[in-house]
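Please study the sequence and the structure before reading the solutions.

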Amino acid sequence: MSKSSLQCVLLAFPSVLASTGCDPGVAGGPAADASGGPLRVLATTGMIADVAARIAGPHARVEALMGPGVDPHLYKASEGDVRRLEAAVLVLYNGLNLEGKLGDILGKLARSKRVLALSDSVPRDRLRQPPEFAGHHDPHVWFDVALWKLTVGPIARALAALDPAHAADFERNAAELERDLADLDAWVERRVAEVPAGHRVLVTAHDAFGYFGRRYGIDVVALQGISTAAEAAIRDVERVVEVIVKRQVKAIFVESSVPRRTIESVVRACAARGHAVTIGGELFSDALGAAGTREGTYRGMVEHNVSAIVGALR
Amino acid sequence: MSSTVVILLVGSFVAASCALVGSFLVLRRLALLGDAISHAVLPGIVVAFLLTGSRAPLPMVLGAGCLGVFTVFLVEVLNRSRRLQEDASIGVVFPALFSVGVILVSSLAAQVDLDTDCVLYGDIAYAPSDVLDVGGVPIGPKALWTTGAALVVDALLVLLLYKELKVVSFDPALASSIGFSPVLVHYLLMAAVSLTVVASFESVGSILVVGMLVVPPATAYLLTERLGVMLLLAVAIGVGSSAAGYAFARWYECSIGGAMAAAAGLAFVASALASPRHGLLARYLKHRRLGARLAGHLVLLHLSGRAAEGERRGLGPRDLEARFRWGRVRTARVLGRLEAQGLIEPAAAGLRITPAGERAVEQAGTAALADRR
């Protein structure tokens, strides 16, 4: 093989890196928005984008990287996402490893643009963590409406810092949204109270509803852990069936991101033990429903989940 | 440096380093080693997590790197035992390691989100955003450094050990007889493969690496029979596919790594169709040429037999059609060609063989007899 071609590559390499060294990194940053026009805000999940859009009103263009029904585990960035990321002046993400590697990288972007991990707004002692792995928190904070309300203030402050002219609007919208979320929180509590105390057991496929159960007094039993690498073991199915039969649970739930098959095997195993359990419906776990539908908003998603759970367990 | 330039450079570095080491994998029938490593690293990241309690990139890459080297080592040990084929050696090793990883996750770390997709595999889309710091000074995208370093290592390996690698790939017995250890050279190559693969997984994700390791070398393999040319072609095809894939991803707004790997796939299809020696098109044309020559010979033999009987009135196209069951169009084409070559000529009631035709039959007969001897 010709040596000269490879030597060319070897010689060219350091100069390429040297030229990146002086580069400030990603273009944009707050200064880039002095031109006027709406702020470009980029959220990772639909839940975050919905909250941010309510606070920003007409003063920002809020986009979500992960569309309806996209499991954050399965999200793959597209070429357009690279440019959306560059164009955004404010990036909002969940944190706690929900976004995996993307989360690490967003954290590093903090040097060149405003980046906010919403889970940072939640006091550490209110985060769930597995007893054996301290520090590796459960990321599904949005299912506790009271916790999710804590993210509103920091988003409004970040927007106000980027666009001080509309700070009053952001503050007003944020206050209104906080009232709405407090209402929603109280509504969920009232609905859950319709279920007799002994029946408050939520059986789902993967462990996304821990915060929901803790806040609203429902025991959560999940077939799988948080990681999707390990498939449900026979032992897991037996453990879940044991709980269902013992507590006479009426319905269990499927999620869009986990195969229906696993939950169906639980239904059959219960039938074999002489206990009839139905599938109570599909819950939204890591993504919102389609845009333009009721489930396409944070509020609609919570209402859908709670109505399905209460309707089936009552 | 704009994100487009970073992505194109990282894509080209990955494509080039994968093409260099992947060419030897394809030649040694170990092409699926990259895919195997992508699964086999799971226990490495679980153990790294259990030891450090962290899901940060460095322990994950180190854990994965150790398992990558261990995977190629086990595959090589099985290969050298001569009891298994290369594909079966790979097929035995990686499910074994992957299943150990699944058992570890489900029994020890089910409450922590720990899979290769979320803690190890990067995405080339993030390459421009992930800037490396040295003492607080940004020194450019990390992926550019890691994939660039892998390319330098692989290029040095191939440049310095070119002759040795060539002999080892084609004739291991000769290699040991002329005085260097094929085992050592081979392990150096395999170590380079696993480091390239794991470092690239962390920067650009699995599909791009697994694709670039196999497809450009396989494409180049169809186009040439010389190792040096194959290596250069594989690098060129890989780099070209990254650029074309990026353009497609930009136009269609889709996954960049996926589009780059798909472009390499298209390059393979194109060369499988159009390669000058092994291509389907070349083979089809050759087949047709041979078929036409054979048909001509059959007609000449047929007419020649008649001449020997003294039957010189000629046979019509109808008689030949009935004799060979070729249909009118094909018969006309075969006869037209023979007539143009002056091997047959019109006669009273049809066609007859010319003296030149008789000579051609004789020559073909002698050639066939020579073949048989």
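## Exercise 1: The domains of chain A

In this predicted model, the centres of domain 1 of chain A and domain 2 of chain A, taken over C-alpha atoms, are separated by 27 Å. Determine which residues form each domain of chain A and describe the contact between the two domains.

**Solution.** 

Step 1. Domain 1 of chain A covers 30-181, and domain 2 of chain A covers 194-313.

Step 2. To their contact, domain 1 of chain A contributes 21 residues and domain 2 of chain A contributes 21 residues.

Step 3. On the side of domain 1 of chain A that touches domain 2 of chain A, helix 2 and helix 5 (145-149) each supply at least two residues. Helix 2 of chain A gives the most to this side, with 4 residues.

Step 4. The residues of this side of domain 1 of chain A comprise 11 nonpolar, 5 polar and 5 charged.

## Exercise 2: Helix 2 of chain A

Explain why helix 2 of chain A is described as largely enclosed by the rest of the structure, and state what its buried residues pack against.

**Solution.** 

Step 1. A residue is buried if 20 or more other C-beta atoms lie within 10 Å of its own.

Step 2. In helix 2 (residues 46-56) of chain A, 11 of the 11 residues are buried, so the helix is largely enclosed by the rest of the structure. Among them are A:M47, A:D50 and A:R54.

Step 3. These buried residues of helix 2 pack against strand 1 (39-43), strand 2 (60-64), strand 3 (90-93), helix 6 (152-162), helix 7 (167-193) and helix 11 (298-313) of chain A.

Step 4. After helix 2 of chain A comes A:G57, which has a positive phi, near 60 degrees.

Methods: Residues numbered from 1 in each chain as written. Chains lettered and ligands numbered in written order. Predicted model: local features only at pLDDT ≥ 70, side-chain atom pairs only at ≥ 80, totals over all residues. Buried ≥ 20, exposed ≤ 12 C-beta atoms within 10 Å, placed from the backbone. Contact = placed C-beta atoms within 7 Å. Domains from an automatic or database assignment. Nonpolar A, V, L, I, M, F, W, Y, C, P; charged D, E, K, R; others polar.
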